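Here is a short briefing to keep beside the model as you look around it. It goes through a helix, the sheets and the open spaces in turn.

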Amino acid sequence: MSPFLDLPPLTAAEFAAIEDKVAALLHTGADVIVTQGEALLPLEAAIRGAAHPGSTALNIVTGPYGQTFGNWLRDCGAEVVDLAVPFETAVSAEQVAGALAAAPSVDFVSLVHAEAATGNTNPVAEIGAVVREHGALLMLDAVASVAAEPLLTDAWGVDLCVIGGQKAMGGPAGVSAVSVSGRAWERIAANPAAPRRSYLSLLDWKERWTDAGRTALPHAPAQLEMLALGACLDRIAADGLDTVIARHRAAAAATRAGVRALGTLAPFVPDDAHAAPVATTLRTPDGLDAAGLARELLRLDPSLPVQAGGGALAATMLRVNHYGAAAAPGTVRATLTALATATGADAAPALAAADAAWGEALTV
């Protein structure tokens, strides 16, 4: 019998238990809906449920996903105020407060916690306090940050928190989840344009599943992905969330220290306080094409978690992913060794710096 076929059906109780484990991971008492698709599904569902003609959204852009959210918000008929900062830095709570003061009608704020594509991370706790004082809803894309850095959904005042399993959680890409606060449910229920009888309808899930007692699934779940999500949640619990977070923090610190010692590239996000723990992005010097460098690194070692930046950054930014199973000393050392070979540098100082940084990060 194949381990992937002929499995007994996933029961409603098992599905609900996985939702409860997600809620524990997010530190939330709000409703959690596990959606049967990649994380763009609940992200779009949250925006289309909460945004509508007559609403005003502050869309914080610190990377490509913020740009996508702005497009969806405009599609919903909302007036959109974009707060864009350079992709090599983080947005500050003071900048958000200034934007809200300049646009007092804002009733919805969209923010990405960690931008894996650009390597930055944003101070959600401080931003959440500002948004809460203003009275707006806060939607957070925590797909890259969950299990890589602290995520205190309720304490930070996050109304819609979206996660996916495929990065730091080390799980599947085919399922995702969103937590929905009471305020967010009120907002969505009052929106005549909120999707209904649609795969994007959070209200349908609430009525047919959550409010119905979670005793009968409204449709056949993505069984293998759900089992994988449950397994990765169990593994995080067994390892300890703090331990998993510490591994990611150490991987980022070691990669950044090693690259600086290498001397041929530089962190794209120069301030360590603004750097995401899931991916380190590197700026290539003039004359060194990032896409070409990525190809050479993968020729040297096809297992390396490296890729060129997206879009306009493809020529100048190299991305090193160190999330999930790749948040390990061996991955960092292999990446630095290949970078040294590809750029003609001495690997020894980089490896020594990385090892020291890894050890120091684990003692913090």
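Is helix α2 (residues 40-50) largely enclosed by the rest of the structure or largely exposed, and why? Bear in mind that this is a predicted model. Helix α2 is largely enclosed by the rest of the structure, because ten of its eleven residues are buried.

**Helix α2**
- The buried residues of α2 are Leu-41, Pro-42, Leu-43, Glu-44, Ala-45, Ala-46, Ile-47, Arg-48, Gly-49 and Ala-50.
- Two of the names on that list, Glu-44 and Arg-48, belong to buried residues of the classes counted as charged.

**The seven-stranded sheet**
- Seven strands make up an open sheet, and reading across it gives the order β1-β9-β8-β7-β4-β2-β3.
- Pairing in this sheet is mixed.
- At its edges you will find β1 (31-35) and β3 (79-84), each of which pairs on one side only.
- From one strand to the next, the twist averages 15 degrees.
- Inside the sheet, β4 (residues 108-112) and β7 (residues 137-141) are a parallel pair joined over five bridges.
- If you want a spot to look at in that pair, Leu-111 stands opposite Leu-140 in β7.
- Helix α6 (residues 182-189) lies across β1, β4, β7, β8 and β9, and it runs at about 95 degrees to β9.

**The four-stranded sheet**
- A second open sheet has four strands in the order β10-β11-β13-β12, and here the pairing is antiparallel.
- Strands β10 (266-267) and β12 (306-308) stand at the edges with a single partner strand each, so one side of each has no neighbour in the sheet.
- Five bridges link β11 (residues 279-283) to β13 (residues 317-321) in the antiparallel sense.
- Within this pair, Thr-281 is found opposite Arg-319 in β13.
- Helix α9 (residues 241-262) packs on this sheet and touches β10, β11 and β13; the directions of α9 and β11 make an angle of about 20 degrees.

**The largest pocket**
- The largest pocket holds about 330 Å³ of space.
- Its lining has 17 residues, and the closest to the pocket's centre are Arg-249, Ala-252, Ala-253, Asp-272 and Ala-275.
- Helix α9 gives the largest share of this lining, with seven residues.
- Sorted by class, the lining has eleven nonpolar, one polar and five charged residues.

**The second largest pocket**
- About 190 Å³ of space lies in the second largest pocket.
- Of its 14 lining residues, those nearest the centre are Pro-64, Ala-117, Gly-309, Gly-310 and Leu-313.
- Helix α3 (64-75) and strands β12 and β13 each supply at least two residues of the lining.
- This lining divides into seven nonpolar, six polar and one charged.

**The cavity**
- How many cavities of 30 Å³ or more does the structure hold? There is one, and the largest cavity has about 30 Å³ of space.
- Its lining consists of Ile-163, Gly-164, Gly-165, Met-169, Val-175, Ser-176, Ala-177 and Leu-229.
- Five residues of the cavity lining are nonpolar and three are polar, with no charged residue.

Key
Residues are numbered from 1 along each chain as its sequence is written. This is a predicted model: local features need pLDDT of at least 70, side-chain atom pairs count only at pLDDT 80 or more; totals for chains, interfaces and linings use all residues. Side-chain values use heavy atoms; hydrogens and water are left out. Two strands pair if DSSP finds at least two bridges between them. Contact means heavy atoms within 4.5 Å. Axes are lines fitted to C-alpha atoms, for helices over the stretch in contact, and angles run from 0 to 180 degrees between N-to-C directions. On a 1 Å grid over the protein atoms alone, a cavity is a set of points where a 1.4 Å probe fits but cannot get out, and a pocket is an open set with protein on both sides within 12 Å along at least five of seven lines; lining residues have an atom within 4 Å of a point. Grid points are joined across faces, edges and corners, and a volume is the space filled by probe spheres set on the points. Buried means under 20% relative accessible area, exposed over 50%, partly exposed in between (1.4 Å probe, protein chains only).
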